[in-house]
Every structure is written in structure tokens, then in C-alpha cells.
Amino acid sequence: MSRTHVVVRGALLVGVVGALYACTSDADVLGPSPVDPLFSNFVAIGNSITAGFQSAGINDSTQQASFALLLAGQMRTRYAFPALAKPGCPPPIANGLTGELVSETVACALRKVPLVNGVAVAPSSLNNVAVPGFGTADVTALGTAAPRNNPLAQLILGGKTMVQKALEVQPTFATIWMGNNDVLQPALTGLPGGATPLDAFRANYAKMMNEFTLGAPGVKGVLIGVVQVSGVPLLIRAEQLTNATNLAVASTIAGRAVFLDPVSCTGPALQALVNLIAIAQRPAGVPGVVFCTKQGGSPDLGDIGILDVGEQATVKDLIDGYNAYIQAKADSTGFAYWDPNPLFGQLQASGAIPPFPIFTSTTQTFGQYISLDGIHPSTLAHRRITNELVTVINAKYGTKLAPISLP
């Protein structure tokens, strides 16, 4: 498995996305100086969102839409990322919530070789070291225990920890967005007991920050909070299934008849969150009944794929605890802090993120701000995230980063 990368200088990032990229063996001689010495050496630590994951996959096109690249462009600073050849690793889906997502496409195309004078050359360090699937415990860990056994970990980190890889650029500024994976998968499956406990999260995050700041004395940046699971569009409110049209669509997507349990799905219990993918993945012969509260017995009875009202409150409290710690850590280290939840809450409240997927649309099933997997931000959302970060950075450090244009 060869590690190959694309290096982009910030001066090339202002303008049309499709014309931004150039390959070189010596990025340090390209482009102007950063807009502020604070941004001399930038690194982005994170997981799938930071890496550029969209629509259940990642390749060099989705990587080029990442907020990390866009922010580096406004900083006018070096930006090297591990470019993934098309179709990707795994390839992004192209047509809404289809069987491709249910079957979990795993084929990977890893290599994209930049050529300089006909010779493949990769930079010695990366400015985006994010690895999809990583949780807070993985940022400082070595070995191949899941999720560090995913094919992207070796490609991006080359056998080092994420912190070790991040320190290679001698960073003066960083964005750190870790924590979503500590809770996301347990919540999506309806088994929130598998989320990282708050004490463990604090210990993991503290270790990450201690190692990073010790290795880069004086480094500054932005710590980004964890997204509330209730805002993930892949999870729909059970009340949406009281609509006959929605129910019919849900049955088609699930591949079996979906219907609400008339006893448990009443009143406030209709605010339960339902993962239709989990319903579709039930064993053959298990009906698509949505129970809005726990029924006991089989885990399919209101457990797998269902996040009831009580569980939502528990998950919210846990994420609030995560974010309180991240904000406190930002304060104690002199970093800025950005909470992504107000932005995505506003988009939901306005209807820009629809309460039920638009399955008549093959390109904006979850609206224009969420990609086709119902989880990861779209290209437009990354631009909004970039501008939010620009505002936070300027307010904290007195810098003069310009926002990027929005369509």
C-alpha cells in the first residue's frame, strides 16, 4: 500500500474548486506567505468529516471539499492531503439512500500518484491527518485494533499515531474535531450503552491535547464540539411514519413492510428516532415493526435501530458533557471553541435539512446540507462550517481571515 499525496498551496484555493489543485514535490516554495504568522504551519486533526467523507465514501473530489482545505485557503498556507484515487475508499454512493449503502460497499482504490518531471513524489508531511472512523482513544494509539484496522489508517498515518503525524508539520495552528465517533454508531444502532463514558472521553481527550501541545509548544487553534445525534438526518422521528406516504417510502427503503406499533407509538413516544437502515438489516423473517419504547425480549423489539425518548435524553446529556469538557479544554489551552450544533439546529429549524428524506430526489435526499448517507455534511455545508470557523478564529485571535463565498 503506497502513500501518495497532493500538496496544495493556499493561494491556489481562492476561486473555482475544480481548478484549484497542483502537484509538486516542494510545496514550501509555492504561493504567498500566510495572512498571519499564526497560520504558518496548519494541521487538521479529526475523523471522517475533516477527512472529507461524503455520501458513505471518500475520494480526492470529496477530500477537496473539506472545510480543512477551504480554511487553509483563507489562511494562504501550505496544505497537503493524502489524495485517494477515484472511485474512492470506499466509493461515495451516487443515488440517495440505496442498496449500496445497506450492503456497505467496501471496494477501495487507494493510490493517486502526483508526478513531478515524470516521477512519483509525495510530501514528507501532511496538513490533514484525519482518519475516518477514529474515536478519541485512537488519536494517540498504535496497533491495528478496530477502528485502526481500516485501510485508510495506514495510508494516512503510515504506522504513526495521529498526533505523531500531526506534529510532523511543526504546527502553529490546528483544528481538532474529535468525539463524534465516540457516540455516533451506538446511537445509530439504538444501543447507546456502547458510547464512550464521560470519564473515559475526558481521559482520552486530555491525553490527545497533552501530547499535541507538548510536541508543538505555543500551538493555537480551534477545538470543535460533538454533534448532537438527534440532529443526524438518517434518524427520523417515528411521528413521520404516521404519514401514509412516508410509511410507504420507508417500507420500500427497508425492503419489508414498516409500520408503527399502535400501543407503544403514541403521544410523546412518537419522538423516538428510527434508523431505517437498521430496520432493513434485521434478519430475514423479522417484521419491520417500529416499537417506540423498549418491549423486552428480542433486541428488535424497540431496541435495534430505535432511540427512544429516554435514550435520547441520556445521549444528549453525554454529548453535553463531552462538549463542556472540550470547551473547558479550549479555555485552558488558549484555543478557540466552536459548537457546531447551533448551525445544524438552525438548518433543521428552517427546513433546509428536511425532517424526512426526500426520496424523490437522487442528489439531495437529505437536503442541500447533508450528503447522501444522511450523516456527513455536504460540500455546501463544509463551506458554511468554514465561515463559522473564520468568525470564531478572528474573534479569538484578532486575525483578518476572509469568509468564502456561498452560492
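What percentage of the 407 residues in the chain do buried residues make up? In this predicted model, the answer is 56%. The legends below begin with the whole chain and then turn to selected sites.

**Figure 1. Overview of the chain, with its 13 helices and 13 strands.** The predicted chain has 407 residues, and buried residues make up 56% of them. Among contacts with a separation of 6 or more, 73% are between residues 24 or more positions apart. The accessible surface of the chain amounts to about 15,900 Å². Carbon and sulfur atoms contribute 56% of that surface.

**Figure 2. The disulfide between C265 and C292.** The structure contains one disulfide. A disulfide is a covalent bond between the sulfur atoms of two cysteines. Here the two sulfur atoms, from C265 and C292, are 2.1 Å apart. The link is right-handed, with 95° about the S-S bond. It connects distant parts of the chain: C265 belongs to the loop between β9 (258-260) and β10 (273-275), whereas C292 belongs to the loop between β11 (288-290) and β12 (306-307). The two cysteines are 27 residues apart, and both C265 and C292 are buried.

**Figure 3. T266, in the loop between β9 and β10.** Is T266 buried or partly exposed? T266 counts as partly exposed, because its relative accessibility is 43%. T266 and T293 are 27 residues apart along the chain, and their C-alpha atoms are separated by 9.9 Å.

**Figure 4. Helix α3, residues 67-75.** This helix is mostly covered, with nine of its nine residues buried. The buried residues include F67, L69, L70, L71 and M75, and A68, A72, G73 and Q74 are buried as well. An α-helix has 3.6 residues a turn, so residues three or four places apart point the same way. At the start of α3, a side-chain oxygen of S66 comes to within 3.1 Å of the backbone nitrogen of A68. Just after the helix, R76 adopts a positive phi of about 60°.

**Figure 5. N59, in the loop between α1 (48-51) and α2 (60-63).** N59 counts as buried because its relative accessible area is 7%, and the cut-off for a buried residue is under 20%. The side chain of N59 reaches the backbone nitrogen of S61 at 3.0 Å. Which residues does N59 contact, leaving aside its neighbours within four places in sequence? They are L84, A85, K86, P87, G88 and P92.

**Figure 6. L234, in the loop between β7 (220-224) and β8 (235-237).** With a relative accessible area of 9%, L234 is buried. In sequence, L234 and V274 are 40 residues apart. In space, the C-alpha atoms of L234 and V274 are 8.2 Å apart.

**Figure 7. The largest cavity and its lining.** Rolling a probe the size of a water molecule over the atoms shows where empty space is left. The model has two cavities of 30 Å³ or more. The largest cavity holds about 40 Å³ of space. Its lining is formed by A51, Q63, Y79, F81, P82, N128, A130 and I156.

Terms used
Residues numbered from 1 in each chain as written. Predicted model: local features only at pLDDT ≥ 70, side-chain atom pairs only at ≥ 80, totals over all residues. Heavy atoms only, no water. Disulfide = S-S within 2.5 Å. Helix = DSSP H or I, 4+ residues; strand = E, 2+ residues; numbered from the N terminus. Buried < 20%, exposed > 50% of the residue type's maximum accessible area, 1.4 Å probe, protein only. Polar contact = N/O pair within 3.5 Å; in protein donor to acceptor, adjacent residues only side chain to side chain. Contact = heavy atoms within 4.5 Å. Areas by Shrake-Rupley, 256 points an atom, 1.4 Å probe, with all protein chains shown as cover. 1 Å grid on protein atoms, 1.4 Å probe; cavity = no way out; pocket = protein on both sides within 12 Å on 5 of 7 lines; lining within 4 Å. Points joined across faces, edges and corners; volume = space filled by probe spheres on them.
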